[in-house]
Amino acid sequence: MADRTVAEIIERDQSELLKEWIRRQKEDLSSRQDVSDAELQTDSRNLLAALRETIKSDAQTDIHSSEWARVRDLLADLSRRRVLQGFAPSQTATFVLSLKQPLFDRLVATVGSNMKVLTEQIWFVTALLDKLALFTTEVFQKTREELISRQQQEMMELSTPVVELWHGILALPLIGTLDSNRTQVVMQNLLEAIVSKEADIAIIDITGVPTVDTLVAQHLLKTVAAARLMGAECIISGIRPQIAQTIIHLGVDLGNVITKATLADAFKIALRTRKLTVTSM
Amino acid sequence: MDKIPILRLGRFLLVTIQVDMHDRLALALQDDLTSQIVSTRAQGVLIDISALDIIDSFIGRMLANIANMARILDAETVVVGMQPSVAITLVELGLSLPGVRTALNVDRGMQLLRLSRASEDSDFDRRPIP
Amino acid sequence: MTVDQSREVAVSSQDDVVLVRQAVRTAALQIGLNLIDQTKIVTAASELARNTFVHGGGGFTRIEIVSEGVRRGIRLTFEDKGKGIADIDQAMKDGFTSGGGLGLGLGGAKRLSNDFQIESRPGEGTRITIARWK
């Protein structure tokens with residue numbers, strides 16, 4: 001009824017709408033050369049078609065309902081591409097918002113004499129496009145976060161290699177600040193290395209870690225417990241005086257975890273446990 | 001109902017758990033193992049859980065029960081091959097599997113069993129004859 | 001929050017606990033949870049489904065794939081019409097004693113989940129809802 005006017009306009013005036021809309025998009029994208037004309041045309045045409053279909057079916061403006069799935073998918077896809085092309089979030093929102101003015105112009109031309117209907121229509125279009133623009137921005141943010149998180153993960157894995165000191169003896173020299181996320185990744189790596197290298201002793205050296213908070217201490221202890229369940233023992237080495245104090249103050253119970261001041265000491269213990277000694281030739 | 005096969009490896013028994021066990025199967029395994037420890041006079045039990053991707057409190061208790069019952073029957077138990085994600089989850093769950101010894105794989109588990117039997121035998125030898 | 005998919009598994013025997021585990025695993029794979037998160041939610045589901053059968057006299061588990069804005073997750077609801085829990089706080093503490101005890105595993109299931117909610121009254125059964133987000 002009220003909404004179908006918009007659908008009819010889109011159907012009837014599609015080519016003008018498209019032209020006007022794309023012109024506005026290009027204005028906003030001005031200096032960017034990396035989105036081809038063809039891409040703009042395809043994206044805009046697809047969205048317009050999807051909008052027409054959905055509005056025609058008398059859909060409400062709850063864009064998260066299943067009726068809007070096609071529109072959401074199109075916008076999500078576009079948004080993700082824009083992240084990878086290095087766009088700003090506002091530019092992705094503008095893709096949707098710049099459709100407002102062309103639609104308003106058409107509405108005025110079509111139902112301009114009827115104030116009531118005109119107002120209803122403009123409200124409908126505004127509410128809808130605002131929601132879609134927000135959705136696009138959310139997907140953009142999430143995609144960007146996932147990208148950054150993936151890159152961080154790769155950096156983390158590269159920066160904390162697990163070293164095999166001897167058959168069955170692993171060392172994990174941790175360097176830099178440990179946050180909750182990084183600690184979890186690092187600990188997973190250690191446990192997997194224990195399996196792949198068939199290690200029964202793992203030395204976790206925290207000489208290069210400036211501070212340890214309760215969460216990190218707990219993760220360390222959980223890793224030691226998990227390694228034990230898998231049949232490997234952990235030694236924590238490199239606990240500097242400040243960290244030792246922090247651990248006491250936080251009331252963290254190291255239980256029966258062996259701790260040594262230096263990695264060298266820890267290695268000595270590990271060798272002894274394996275009934276190995278170092279001799280000169 | 002299928003039963004979990006128990007293999008004999010010299011003086012030890014080897015159980016490989018490869019299915020998603022329902023409770024009845026787990027209880028049946030406990031019973032089977034107990035009677036086999038007695039009938040074969042086994043000195044150790046190896047439980048290979050490398051194929052288990054879930055250990056909940058029921059399975060955890062089963063493992064602890066097997067270890068306890070075996071000990072009463074003078075056999076040591078070693079659980080081998082726990083997957084990292086299972087180990088992490090168990091720690092989070094708060095299950096510590098008390099009384100259950102663990103090793104990385106069957107080889108290491110066997111070494112552990114032999115060592116523990118060897119030390120026991122030598123202790124026994126050193127006891128004075130009354 | 002929208003529900004993208006929903007299925008129910010009746011829990012009236014111990015075999016059903018295995019079915020619940022498999023169904024939850026499938027859902028977890030569907031939304032692409034990493035291995036550790038998969039393990040956590042399947043384990044929590046195993047504990048709670050078993051409770052439904054052992055302490056609740058039987059009931060059902062509802063497995064839902066949900067989305068909230070752009071994030072997706074799994075929501076599990078465990079319901080029974082058993083005798084209910086009189087002291088929920090105490091029940092949450094009934095964890096695993098060193099002897100393996102009769103812990104209800106509620107504390108553990110909570111630690112393994114992102115969201116945890118429990119409703120229970122003596123004589124009126126129990127409903128526990130947990131969720132893990134990707």
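This is a predicted model: local features need pLDDT of at least 70, side-chain atom pairs count only at pLDDT 80 or more; totals for chains, interfaces and linings use all residues.
Biologist: What makes E1(B) and E2(B) a pair, and in which sense do they run?

Modeller: Two strands pair if DSSP finds at least two bridges between them. E1(B) and strand E2 (residues 12–16) of chain B have four bridges, in the antiparallel sense, so they meet the definition of a pair. Within this pairing, Leu13(B) in E2(B) is the bridge partner of Arg8(B).

Biologist: What makes a set of residues a nonpolar core, and which residues have the most contacts inside the largest one?

Modeller: Such a core joins buried residues of the listed nonpolar types through C-beta atoms within 7 Å. The largest core has 100 residues, and those with the most contacts inside it are Ile194(A), Ala202(A), Ile203(A), Met230(A), Val45(B) and Ala87(B). H2(B) gives the most to this core, with eight residues. Ala87(B) touches Leu191(A), Ala226(A), Leu229(A), Met230(A) and Met82(B), leaving aside residues up to four places away in sequence. Another core, of 25 residues, lies apart from the largest one and includes Ile10(A), Phe95(A), Leu103(A) and Phe140(A).

Biologist: How many residues does each chain give to the contact between A and B?

Modeller: Chain A gives 13 residues and chain B gives 13 residues. On the chain A side, helix H8 (180–196) and helix H9 (214–229) each supply at least two. By class, that side has seven nonpolar, two polar and four charged residues.

Biologist: What does the contact between B and C take from each chain, and which element gives the most on the chain B side?

Modeller: The contact takes 20 residues from chain B and 23 residues from chain C. Helix H1 (23–40), helix H2 (57–72) and helix H3 (84–93) of chain B give two or more residues each. H3(B) gives the most, with six residues. The chain B side divides into eight nonpolar, five polar and seven charged residues.

How values were computed: Residues are numbered from 1 along each chain as its sequence is written. Chains are lettered from A and ligands numbered from 1 in the order in which they are written. Two residues are in contact if their C-beta atoms, placed from the backbone, lie within 7 Å. Ala, Val, Leu, Ile, Met, Phe, Trp, Tyr, Cys and Pro count as nonpolar, Asp, Glu, Lys and Arg as charged, and the others, Gly among them, as polar. A residue is buried if 20 or more other C-beta atoms lie within 10 Å of its own, exposed if 12 or fewer, and partly exposed in between; C-beta atoms are placed from the backbone.
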